[in-house]
Amino acid sequence: MSFQAYLDNIEDKTGLTPREFITAAAERGYGPGTKAGEIIAWLADDYGLGRGHAMALVHVITKGPQIDAKHVGTGTSHSDASATLWLDGKASDPARA
C-alpha cells in the first residue's frame, strides 16, 4: 500500500483528513520532536488505528507532507505518485480530478 493510500484509508475509517489529524495533534501539543509512541497511543485510544496507519500519521504530524523520493514512481505496490502527500482529503485531491 502506498503512503497516500494509508492516509486515504485512515480518512475512510475515521472520517477525518490528515490535515484534521495534524490540527488535533497540535492541539494536544504533538508535532516535530514528539515521540512516535505517544502519538501512536493517542491514535489507538481515540480512533482505533493500528500501528501501520498510526505511523503514517506520525510522519505527517512530525515531518510534514514530504516523503523520500525513492518511494515515488517505482511501479511497486508501495509506490506513490508524488513526493508530496495530499493532506486535505480525497475529495479535494486535484490528482484525482
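Helix axes are here lines fitted to C-alpha atoms over the stretch in contact, with angles running from 0 to 180 degrees between N-to-C directions, and the helices themselves are DSSP runs (H or I, at least four residues) numbered from the N terminus. The structure is a predicted model, in which local features need pLDDT of at least 70 and side-chain atom pairs count only at pLDDT 80 or more, while totals for chains, interfaces and linings use all residues. Residues are numbered from 1 along each chain as its sequence is written, and side-chain values use heavy atoms, with hydrogens and water left out.

Two packed helices are described by the angle between their axes and the distance between the axes. For helix α2 (residues 18-27) and helix α4 (residues 51-63), the packing angle is about 65 degrees and the axes are 10 Å apart. The crossing of α2 and α4 is right-handed, a crossing being called left-handed if the near helix is turned anticlockwise from the far one by less than a right angle, and right-handed if clockwise. By class, the contact of α2 with α4 comprises 7 nonpolar residues, with no polar and no charged ones, where Ala, Val, Leu, Ile, Met, Phe, Trp, Tyr, Cys and Pro count as nonpolar, Asp, Glu, Lys and Arg as charged, and the others, Gly among them, as polar.

Helix α2 also packs against helix α3 (residues 36-47), at an angle of about 110 degrees and with the axes 12 Å apart. This angle makes α2 roughly perpendicular to α3, on a scale in which angles under 35 degrees count as roughly parallel, over 145 as roughly antiparallel, 65 to 115 as roughly perpendicular and the rest as oblique. The crossing of α2 and α3 is right-handed, and the contact is made by Phe21, Ala24 and Ala25 of α2 together with Trp42, Leu43 and Tyr47 of α3. The residues of the contact of α2 with α3 divide into 6 nonpolar, no polar and no charged.

For α3 and α4, the axes come within 9 Å and cross at roughly 125 degrees, and the two helices are therefore oblique to each other. The crossing of α3 and α4 is right-handed. The contact draws on Ala36, Ile39, Ile40, Trp42 and Leu43 of α3 and on Arg51, Ala54, Met55, Leu57, Val58, Ile61 and Thr62 of α4; by class, the contact of α3 with α4 has 10 nonpolar residues, 1 polar and 1 charged.

A pair of aromatic rings is described by the distance of the centres and the angle of the planes. A search of the whole structure finds 3 aromatic pairs, the criterion being that rings of Phe, Tyr and Trp (its six-membered ring) have centres within 6.5 Å, with planes under 30 degrees apart counted as stacked, over 60 as edge-to-face and the rest as tilted. The rings of phenylalanine 21 and tyrosine 47 have centres 4.9 Å apart and planes at 75 degrees, so this pair is edge-to-face. The pair links distant parts of the chain, with phenylalanine 21 in helix α2 and tyrosine 47 in helix α3, 26 residues apart. Phenylalanine 21 is buried, at a relative accessible area of 0%, whereas tyrosine 47 counts as partly exposed at 27% relative accessibility; the cut-offs are under 20% relative accessible area for buried and over 50% for exposed, with partly exposed in between (1.4 Å probe, protein chains only). Tryptophan 42 and tyrosine 47 form an edge-to-face pair, at 5.9 Å centre to centre and 85 degrees between the planes. Tryptophan 42 counts as buried at 5% relative accessibility, and Phe21, Tyr30, Trp42 and Tyr47 form one aromatic cluster.

Within helix α4, methionine 55 is partly exposed, with a relative accessible area of 33%, and touches Ala36 and Ile40, not counting residues up to four places away in sequence. Histidine 59, also found in helix α4, counts as buried at 18% relative accessibility. Leaving aside neighbours within four places in sequence, histidine 59 is in contact with Phe3, Gly64, Gln66 and Ile67.

Definitions and conventions. Contact = heavy atoms within 4.5 Å.
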